[in-house]
Amino acid sequence: MRNLIKKLKNFLLDNLDIVLFVIIIPMKLIKFDRLIYPEYTHYKLIIKPILSSTICALSIAVIFKNKIRTRILYILDIVISILVIVDTVYFRYFKDIISIGVIKNGVMLGGVKSSVTSLISPYDFLYLIDVVLLIPFLFFYRRHKRYELKLIFRFALFFILVIPAGYVNGKTIYKMSVSQPNLLKTMYNKVYINKFLGTLDFHVLDLYNVTENKISNSKRLSKDTENTIKNALNKNEANAPSSMTGLYKGKNLIMIQVEALQQFVINSKVENQEITPNLNRWINKSLYFNNFFYQVSSGNTSDAEFLANNSFYPAASGAAYYLYAGNTYSSLAKEMNDNNYYTAVLHGYKEGFWNRNVMYKAEKFKDFFGEKSFNINENVGLGLSDKSFLNQSFNKLKSFSSPYYSFIITLSSHYPYDDTKGYGDFNVGDYEGTLLGNYLKGIHYTDAQLGTFLDKLEKSGIMDNSVVILYGDHYAIPKDKINDLYDFENIKNPTDLDWYELQKVPMLIHFPKDQYKGINSEYSGQIDLYPTIANMFNLPQNYMLGTDLFASKNRNVIFRNGSFTDGNVFYVSWTNTYYDIKTGSVIPESTKLKQEKDNALTQLEYSDNTLNHNLIKKFTVKQKK
Ligand code: GP9
Ligand code: MN
């Protein structure tokens, strides 16, 4: 018996480094998790991924001999502790998790500036206390002779640890990928990933995404391909001149991207009341594009921003705002800056969401007014109400020095539109309590706020000196609730064409003194915004894929999945079917249509190649030489 206890004691002593590692590391990881997720009351939620990721890290160390193993574990402890400290400090300021993109590109601090040192608390260094306390233990191990396992057994131990731990960890990650599709690829909500997977898993996933993207883009393009792309991107001749070229040079540009504003609500009624009375009113004073489509992919809002500000297609998978945040852009803000404009983004939500604080820097906005720059005094849905946001934004605009480009992104009308308390009582009749009904209330609310904002711009005289563009970012009603929308629109036996025709978002351009008001029915999309603006403001159009809405006809609106429309025919890629838009009937492929289909894929390929190989950087460096 005594012998057994002695053996057990020795065994424990021999492996104390492992025991300490599995206790100390999860403690630190849980501590950080509690900081970012103070609402949860038990550890059950997080213990699985945290423990399993710790054991995965440990399993690598056990392959080595005792001495090296202990050293590896000690170094891992230091690295993880520093990581947690950096995470803590970063989170304190940005309410977000630091990623490789942030480290590579830095972030945009926006309106509020604060030095890093003031963000560090002396208590943060407690994460390193064990690193110091364990030093005598390391000396002890130097002298203490430990039982050494043979290599084959060490490998066996590696598998014994890594298989179950990897399984448990993989399962948790898999579950998240099912419940939140796109999240792990687009990383739009890093805090969410961190809350439920722990920070170790988060950083490994981040590293994995970045490496995978690097590897898959490592194939070099031929000089010929590069030149073809360069020529295709240059729209200076193709888009110009138009009737609008240079007419608004020197005026302000106020571009408003409205959350989930779909076209079907415009000039439409429910229970005999207008859903968007204010936008309807402003549409009458503006040039309204009634065949304008969103072209976003899995990057949703951020893809819409990306399309509008760069005139490139979103990423084939994942979000451009995350994947390509390290790229060089010849963005709208950049060209405006070069023309002595002040450029700013205003959005009353977390700075790190959609990687905005990194991407806006790459897009060269001079300032980003995010959540920290607003007084969060009223909440609707996800965060600051549109009412308060637009009020505060108006005051900020007044203080900007002209000429400026302000990009304003609203928030309240965000899925699932269930925070109806902020919306007042808008009667939606039979739709009460449904997603569609809640959306109608939500968008009615946002419409009222936009109305007030636009009226204030007019009354204050700002509008006389500004071009105002307003458009919706993407759909409001997802595919699983689309039948409610078909019902609302009175569409019987819907086809894919019907679905696509419902994917329009409103887009209006308001010119000073209500000039050019009317309706433009050309088929167009978000990618065409930048070239159109570029022409009006006389900016170069060296690197973009869209077309100026005032210059070129015969445009194809291309979607990320390869579907497209030329205004007469709609091609739906997932069934390889062409529809005649007027009659709604399926038509066979003609040589012309085949060419258009191939062209759609070529355009997407140009976009992907430019972004994957950071070609704009290459092109501009060469130009400067
Ligand atoms: C939050 C907002 C939402 O900042 O832009 O993005 P979404 O979920 O619509 O893509
Ligand atoms: Mn959105």
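**Stop 1: helix H15**

Select helix H15 (residues 300-310). Its buried residues are Thr301, Ser302, Asp303, Ala304, Glu305, Phe306, Leu307, Ala308, Asn309 and Asn310. Here "buried" means under 20% relative accessible area, "exposed" over 50%, and "partly exposed" in between, with a 1.4 Å probe and protein chains only. Helices (H or I, at least four residues) and strands (E, at least two) are DSSP runs numbered from the N terminus.

The model is predicted: local features need pLDDT of at least 70, side-chain atom pairs count only at pLDDT 80 or more, and totals for chains, interfaces and linings use all residues. Residues are numbered from 1 along each chain as its sequence is written, chains are lettered from A and ligands numbered from 1 in the order in which they are written, and side-chain values use heavy atoms, with hydrogens and water left out.

Because 10 of the 11 residues of H15 are buried, the helix is largely enclosed by the rest of the structure. Step past its end to Ser311, which follows H15 and has a positive phi, near 60°.

**Stop 2: the manganese ion**

Now select ligand 2, a manganese ion. Which residues coordinate this ion? Two OE atoms of Glu259 do so, together with OG1 of Thr301, an OD atom of Asp473 and NE2 of His474, at 2.0 to 2.5 Å. Donors are N, O and S atoms within 2.8 Å of the metal (3.2 Å for Na, K and Ca); water is not among the atoms, so sites may look incomplete.

Why is the arrangement irregular? The six donor atoms around the manganese ion subtend angles of 55 to 167°, and therefore the arrangement is irregular.

Along the sequence, the donor residues follow the spacing E-x41-T-x171-D-H. Glu259 lies in the loop between strand E1 (252-258) and strand E2 (269-270), while Thr301 lies in H15, so the pair ties together parts that are 42 residues apart in sequence. Glu259 counts as buried at 3% relative accessibility, and Thr301 counts as buried at 8%.

**Stop 3: the largest pocket**

Select Tyr188, Asn300, Phe353, His414 and Tyr415, which lie nearest the centre of the largest pocket among its 32 lining residues. On a 1 Å grid over the protein atoms alone, a pocket is an open set of points with protein on both sides within 12 Å along at least five of seven lines, whereas a cavity is a set where a 1.4 Å probe fits but cannot get out; lining residues have an atom within 4 Å of a point.

Helix H11 (190-216) and H15 each supply at least two residues of the lining. H11 gives the largest share, three residues.

**Stop 4: strand E12**

Move to strand E12 (residues 507-510). Are its residues buried or exposed? Met507 and Ile509 on one side, and Leu508 and His510 on the other, are all buried. Strand E4 (residues 287-289) pairs with E12 in the antiparallel sense over three bridges, and Tyr288 stands opposite Leu508. Two strands pair if DSSP finds at least two bridges between them. Strand E11 (residues 466-472) also pairs with E12 in the antiparallel sense, over four bridges; there Tyr471 has Met507 as its bridge partner.

**Stop 5: the five-stranded sheet**

Next, display the open antiparallel sheet of five strands, in the order E15-E16-E17-E18-E19. Strand E15 (557-558) and strand E19 (586-587) stand at the edges with a single partner strand each, so one side of each has no neighbour in the sheet.

Within this sheet, select strand E17 (residues 569-572): Val569 and Tyr571 point one way, Phe570 and Val572 the other way, and all are buried. Two bridges join strand E16 (residues 564-565) to E17, with Thr565 and Phe570 as bridge partners. Their hairpin has three residues between the strands, and Gly567 takes a positive phi near 100° there.

On to strand E18 (residues 577-580): four bridges join E17 to E18, and Phe570 stands opposite Tyr579. The hairpin of E17 and E18 has four residues between the strands, with Asn576 at a positive phi near 55°. E18 and E19 pair over two bridges, and Tyr578 stands opposite Ile587.

**Stop 6: Phe619**

Finally, select Phe619 in helix H25 (residues 615-624). At 2% relative accessibility, Phe619 counts as buried. The C-alpha atoms of Phe619 and Trp574 are separated by 35 Å, and the two residues are 45 residues apart along the chain.

Note on methods:
Four donors count as tetrahedral if all angles lie between 85 and 135 degrees; four count as square planar and six as octahedral if opposite donors are over 155 degrees apart and all others between 65 and 115; anything else is irregular.
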